[in-house]
Amino acid sequence: MSLKVYNSLTRKKELFEPINPPYVGMYVCGPTVSGESHLGHARPFITFDVLYRYLMYLGYKVRYVRNITDAGHFEEEGREAEDKISSKAILEKLEPMELVQKYTNMYHWAMNQFNNLPPSIEPTATGHIVEQIEMIKKIIEDGYAYESNGSVYFDVEKYNTDFSAKGQPYGILSGRILDDQIESTRELDNQDEKRNKSDFALWKNAPPEHIMRWQSPWGEGFPGWHIECSAMSTKYLGKEFDIHGGGMDLQFPHHECEIAQSTVCNHQMPARYWLHNNMITINGKKMGKSYNNVIKLSELFAGTHPILEQAYAPSTVRFFILQSQYRSTLDFSNEALQASEKALRRLMDAYEWLMSFEQTDNHTASDGQLNEKVLKLVTAFDEYMNDDINTAKVIANMFELVPIINSLKDKHISATALDSKTIEFMKKQLTAFIVNIFGLESSKANNNNNKLEGVLQLLINMRKEAKQRKDFVTSDKIRNELTALGIQLKDEKDGGMSYTIQ
Ligand SMILES: [Zn+2]
């Protein structure tokens, strides 16, 4: 059986056929490093990490490109405002690249905590200004972009008219038609620079006070957000590649704009399969500043956000995310996370016992029916993953195996109830799926994490006490030596303390 994935472009499950097997090119939109990643960011990065691992398990040689947006992401799309990096750098009194480095390090730390594999290439927007300018020049030459006051805009209406005739209108991915989009676009500043409301910026003229600026044929400025992904995916994966991934919120306008830009430049749809994960809600509500429910990943791991009843280990969060298929909605709550924590422990305990279970002889199953059942459950792992990466169903099957493994352990069933080959197969499949594909760490690793957490908490308390008795030599020593080990302590507004490990 072969892998099928739901393609947002065609709105159906399709057989995955790479352009040039065994090679697979996959591009996933990475973070904007103007701040710390939050729980909402965890889902796409874990989803596509599991897809990456599964493709490798299937024998593909995958080039996984995930970018870092360190320029060009506007506070509000289309406004003349500073981009997110610039405005945050002013706020934090940092040089923009200092800010970018700080949040890139924190992002890498969080990805590491989740046990996400690093991508094959992690290009940055600021490292690819030349490629972006070249692409914009091409789009202007082809007549689909125009300059206005030192800025360059993509002409969405012209694109839509010409490419609708070719069966590829603007909005092909999200299903939005252009009239709807114009209706829904808010009245924005700087409208007079654009011919039409739906046009988007490829390049922005930098006002004198703007810190991040580069030379271009249109004067000093900075790139728009969408163009970086088109430029970097073309550079590292070619004009046409296999998979483009991201969160559902990126379908419009970001991916729609990427399709339009790349299609004009490269004369074809950039990616064959467009995969989008669904969003995470918090206690039934959308995540947003107005609800005060944006939980940063360091807060999640340390249990310091007011919503949280406790700290949650990264492996618990990872497991919680994998308990749902990536296209279904997922609601975060303390109860759900606590249930995941318990379930993961049960699963890992059973798995670890099974791995230590040594059979003395080769035997055939004394309980044929049970043997059949186990074989069926274990074989189905691959079938479920091939059905649009249904991690939820794989995990459900694992939990049907847990009581069987526990019965073996407690000797409620005979040690020879299952065929010895079945036991070996079960070990092999559980290791492949739990460890290699789902990337779940054994509870031993979690115990070590808990111990480390305990030691850190002890040092944090000792430092607090030293500060209280004005022993700044000791408090500074603790902070400096931890920094030297790559552990950053941070004083929180509420008097508490958090830390990050690099
Ligand atoms: Zn992107």
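Tutor: In this predicted model, the count between domain 1 and domain 2 is 2 salt bridges.

How much area do domain 1 and domain 2 bury between them? The size of an interface is often given as the accessible area lost when the parts come together. Here the value is about 2,900 Å², with 65% of it on carbon and sulfur atoms. On the side of domain 1, the residues that lose the most area to domain 2 are Leu39, Arg43 and Tyr54, which together account for 26% of what that side buries.

A salt bridge to examine in the model joins the side chains of Asp49 and Arg318, at 2.7 Å from N to O. Arg318 belongs to helix α10, where it is buried, as are Phe319 and Phe320, among others. Helix α10 spans residues 314–322 and is mostly covered, with 9 of its 9 residues buried.

Phe320 leads us onward, for it is one of the residues in contact with Phe332. Leaving aside neighbours within four places in sequence, Phe332 also contacts Leu39, Ile280, Leu300 and Leu337, among others. In soluble globular proteins, nonpolar side chains tend to be buried together. The largest nonpolar core in this model has 98 residues, and those that touch the most other members are Leu300, Phe332, Leu430 and Phe438. Helix α1 gives the most to this core, with 10 residues. A second, separate core has 41 residues, including Val65, Trp218, Met232 and Cys265.

Helix α14, residues 420–437, holds Thr422. Thr422 has a relative accessible area of 3%, so this residue is buried. Not counting residues up to four places away in sequence, Thr422 touches Asn371, Val374 and Leu375.

Let us now turn to the metal site. The zinc ion is coordinated by Cys29 through SG, Cys229 through SG and His254 through NE2, at 2.0 to 2.2 Å. Because Cys29 lies in the loop between β3 (23–28) and α1 (39–57) while His254 lies in helix α8 (residues 251–266), the pair ties together parts that are 225 residues apart in sequence. Cys29 counts as buried because its relative accessibility is 6%, and His254 is likewise buried, at a relative accessible area of 1%.

Some details of the backbone complete the picture. Most residues other than glycine have a negative phi, and most peptide bonds are trans. A cis peptide bond, with omega about 0°, joins Phe252 and Pro253, and Pro253 is placed in helix α8. Another cis peptide bond joins Pro21 and Pro22, with omega about 5°; Pro22 is in the loop between β2 (12–15) and β3.

His267 has a positive phi, near 60°, and lies in the loop between α8 and β10 (271–277). With a relative accessible area of 63%, His267 is exposed. Lys470 also has a phi near 60°, and is found in the loop between α15 (443–468) and α16 (472–484). Its relative accessibility is 62%, so Lys470 counts as exposed.

Conventions:
Residues numbered from 1 in each chain as written. Predicted model: local features only at pLDDT ≥ 70, side-chain atom pairs only at ≥ 80, totals over all residues. Heavy atoms only, no water. Buried < 20%, exposed > 50% of the residue type's maximum accessible area, 1.4 Å probe, protein only. Helix = DSSP H or I, 4+ residues; strand = E, 2+ residues; numbered from the N terminus. Donors = N, O, S within 2.8 Å, 3.2 Å for Na, K, Ca; no water. Core = buried A, V, L, I, M, F, W, Y, C linked by side-chain atoms within 4.5 Å. Contact = heavy atoms within 4.5 Å. Buried area = accessible area lost by both parts, 1.4 Å probe. Salt bridge = Lys/Arg side-chain N within 4 Å of Asp/Glu carboxyl O.
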